[in-house]
Amino acid sequence: MSIIKYKTLKDVPKEEFLVPGTPLCAGCGALQVMRLFHKALGGDVVWVNAAGCVTLMATFPYTPLKSSWFYIAMPSAPAGAQGIRDALDILIKKGKLDPTENLKVVVVTGDGAASDIGLQATSGAIHRGLDFFYLCVDNEAYGNTGFQASSSSPMGSGTATTKPTHLYPAGNVLPKKDLFEIWRSHRPPYVATISPSHVIDMLRKVEKSLSFKGPKLFLALSPCPTGWGAETSESVKLAKLAVETGIWPLKEAVYGEVTHTYIPSKRKPVEDYLKVQRRFAHLFKPVKNESIIAEIQKQVDEYWSKVEH
Amino acid sequence: MERGHIFNPSYVLVTTPSLLFDMTVKPLEGMAEDSVLFVNSPKEVSIEQLKKIRVIYGDLTGLALKYVGKDILSAAMGAVACKLSGLISLQSTLGAVEEELAELGLETDIIEKNVQLAKECYLSTESVGLRGLNHKPLHKVVEVRYLGEKGIPDLLSVGNTALRKTGSWRVFKPIVDKNLCTACSICYIYCPEACISLDERGYPVINYDHCKGCLVCTTECPRNAIRVERETAWS
Amino acid sequence: MSKECDKSGEGDGMVLKMLTGSQAVAWAARLARVDYIPAYPITPQTEIIEILSEWVRKGEMDAMFVQMESEHSLLTAAGTAAATGARVFTATSSQGLLYGFEMLYNIAGWRAPLVLVNVARALAAPITLEPDHNDVLAARDSGFLQFHTENVQEALDLVLLAYRVAEDHRVLLPAIVNIDGFHLSYTRESVDLPEQSAVDEFLPEYKPVNPIRASAPVAKGTPVLIPPLYSFFKYQMHMASRNALNVFMDAAKEFERLFSRTYAPVEEYMLDDADTVIVMSNSFTSIGKQAVNAMREEGHKVGLLKIRLFRPFPTDDIIKSLRGKRCVVVIDQNISVGKGGITCPEIAEALYHLEDRPKVILPVIAGLGGKSISLEEFKHAVRVANRLASLRAGPDGPLLLFREDEAVLVESLLKLASGGQ
Ligand code: SF4
Ligand code: SF4
Ligand code: SF4
């Protein structure tokens, strides 16, 4: 990378591509990610969407986007991107379309579409080397349908289908699926995790990805005040805590080679992050469940021990 | 009995005055002189159309803040609806509130607070009863024309959600104190809604038509330059 | 590895070739100069996509061929490409059609015209490779136009006609052209291959409506959460489909002028003086016609009505052909389990209000999962219908055509399956 375009917050592009007035919840992290992501992408974008919370941002006859939008179906947004990308390419090649009409094709889905029902279509699109962006706004559950567990829900979290009970004191007993590694195993040109709290890190990653042809995949932590049970005002703070506790590592992989773009110098205890969210409340009340909290901490520590050696 | 869309309401409850004239919601449609409108608002709304129907006001948001500490209105609105109907006892109402919230997995002290809220709302509302269903026909059946390529659900008017004034969602209002603000632009960057713009000197300007009052800006401001007030402009 | 026969010159620039149904529809896609072919293999559709991929790889066709990872994705990509302005061709069959089923409704709702060839194959379970029409008829409510074909020539021609109708701005709906697996897909027949220049004249370039472009942002596929909007858009689709009847008629006239072959929404066979009419569609119509010939020789006034255009449903043509007849025998090569055949109620509804409606409309289930239909079975159905008419009685449930030799075979196989010898 020769020039670093984004050094301070003053460098955040001022142009807005996403105007106010969406019906998404106040304080929605997914919306915040999309707004900043779009600034870094620039204009001439078509968003390709699978069912999820952000689907509701464009409901007839309103759309907050100044760019194009195509809602597809829950399992196959990447295939929708394939059709658009291929059609633009072949029409330009055949001289039926002026190259100035070209667009960046960007899939945006929640974690349910990305990790569960749409994983097959995603794998197909990455394998075919499709030249597209994928932004997964990960709020760690099916937020749009009332916060049921997805395979992206972390162990220990309570959701509408993994309520903590005396038989299941942890709430969700399954681990969070490692979508970053699944994507990376296809060796696409670019994969990254991002957080709405670390804006410069996000913008630089998008900037860097723009130079690659092929799949460019982003996994964004997306605090969800409604589903996580947190104050709307705490969204960015929660994202920051996820990074500082090491729960949400910021990293990228270029053709499969992983680099951590931010290593917290002294990781905060995971408890700081867990205790401020209602979805983890059962780990603290009525009695503190030390063993599950310790297990979560252990997994984070193990992850970082491999990074730091 | 009506099911689904209520065409001839005995009473209508509106959570926020800004919804009264929403083009798609149309809460006043089908109301007659003998139906009653309940508006959640600390003060009266002076709008011409409201003069013709009976309007009751109640500050449910204020009560919710008092009892629960949050502007969560479902228990309060439910209790008011029960009382207005004159058909549902206080006991049944509170039982239903308790059951619904327990199903959501809320903690007992939060449920108890909501029950107290519902009780106060129930007791402070008068009962109006249901009006009869004999009404003048409102509707005419028409033929739908074929519009060809104009009848396709594509949206060509992009970036138009600004027409929806989500400012009405706001319970608390963020206000920038220019004396404390250093124009660092952090609030501008973190506002999820793109509701903050920067003036020519780099100071934040909040778009109150759309600001949902999430208060991310207040939390993130390093100078504590964004104070918070209870919203009243929509009342 | 060309499987085509030598050209046999017929004058007039006509080229006769011996082609399979798969080759014929591949040729139609090539002649239509399609831009984009997303594909996924399934028996008995594979030959179509093998041929097309080879032509694209050899540079004989200026199109993009992409092999997807499932039919769901294949239909998705097909639909979004059409909405972006590419002329799209694809093909699938049976389980594949059902696997991508939700996308049929989506593509139609996006009003994205494209042509999908369905190579008919009965649905699992039990699984089989042989054809019937439960797959294609499952799609009848989706908004896709539906063309059913009897022979290889018709398969080629109807793909061309389907593009012309689907892309017409008075219609803007996708189309399915059905060809029966094996009986058409792998069967070679003599085909008059149209000249490219004539096809170019028949099929102007596809002009998409509101395609996705940098200069003109658009939001497509957005939820319509206000119920009257849903009702409105859905009914617009219905009216577009009804419009397709006239658009098809106009296109067929033009087709006849250029290619000297005539296509109407239905085809009448020995109908004028018939008192009993067999109603059928797709490839087995040919054996139905043979049965009519045989019964005619025995002095029975039997005719046949072939339904070519199934969506939009050609109600007026059906009334014209069937009013005043004594008996109608509707052979459904499909079964709606718990009811009977799928087309029979549609035919009955079309005729119900007529004073001179047939005395009997007999629902018949035949040819499921590729089971043959013999002359005796056709005769039996005609006899049953006429007996009911004489008795002034209605049918009690559908009549299943199943022969004694088949019953014996099934019995012996059941014995083997249960451990017997
Ligand atoms: S439920 Fe969560 S992710 Fe969905 S819109 Fe609300 S805050 Fe955003
Ligand atoms: S974050 Fe605070 S100091 Fe910075 S611009 Fe906003 S109000 Fe001013
Ligand atoms: S309260 Fe929320 S929506 Fe309003 S200006 Fe602040 S950050 Fe933006």
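Predicted model: local features only at pLDDT ≥ 70, side-chain atom pairs only at ≥ 80, totals over all residues.

User: Why are α3(C) and α5(C) called roughly parallel to each other?

Analyst: Helix α3 (residues 71–84) and helix α5 (residues 101–110) of chain C pack at an angle of about 5°, and their axes are 9 Å apart. Angles under 35 degrees count as roughly parallel. The two helices, α3(C) and α5(C), are therefore described as roughly parallel.

User: What makes C:Glu167 count as buried?

Analyst: C:Glu167 belongs to helix α7 (residues 152–167) of chain C. Its relative accessibility is 9%, and buried means under 20%. C:Glu167 therefore counts as buried. Leaving out residues up to four places away in sequence, C:Glu167 touches C:Arg87, C:Pro113, C:Leu172, C:Pro204 and C:Tyr206.

User: Which residues touch the most other members of the largest nonpolar core?

Analyst: That core has 110 residues, and those touching the most other members are A:Trp183, A:Leu274, C:Ile318, C:Leu322 and C:Ile347.

User: Why is this core said to lie between domain 1 and domain 2 of chain C?

Analyst: Both domain 1 (15–205 + 221–259) and domain 2 (266–407) of chain C give residues to the core, so it lies between them. Apart from it lies another core, of 64 residues, including B:Ala183, B:Cys195, B:Ile206 and B:Cys217.

Methods: Residues numbered from 1 in each chain as written. Chains lettered and ligands numbered in written order. Heavy atoms only, no water. Core = buried A, V, L, I, M, F, W, Y, C linked by side-chain atoms within 4.5 Å. Buried < 20%, exposed > 50% of the residue type's maximum accessible area, 1.4 Å probe, protein only. Domains from an automatic or database assignment. Axes fitted to C-alpha atoms, helices over the stretch in contact; angles between N-to-C directions. Helix = DSSP H or I, 4+ residues; strand = E, 2+ residues; numbered from the N terminus. Parallel < 35°, antiparallel > 145°, perpendicular 65-115°, else oblique. Contact = heavy atoms within 4.5 Å.
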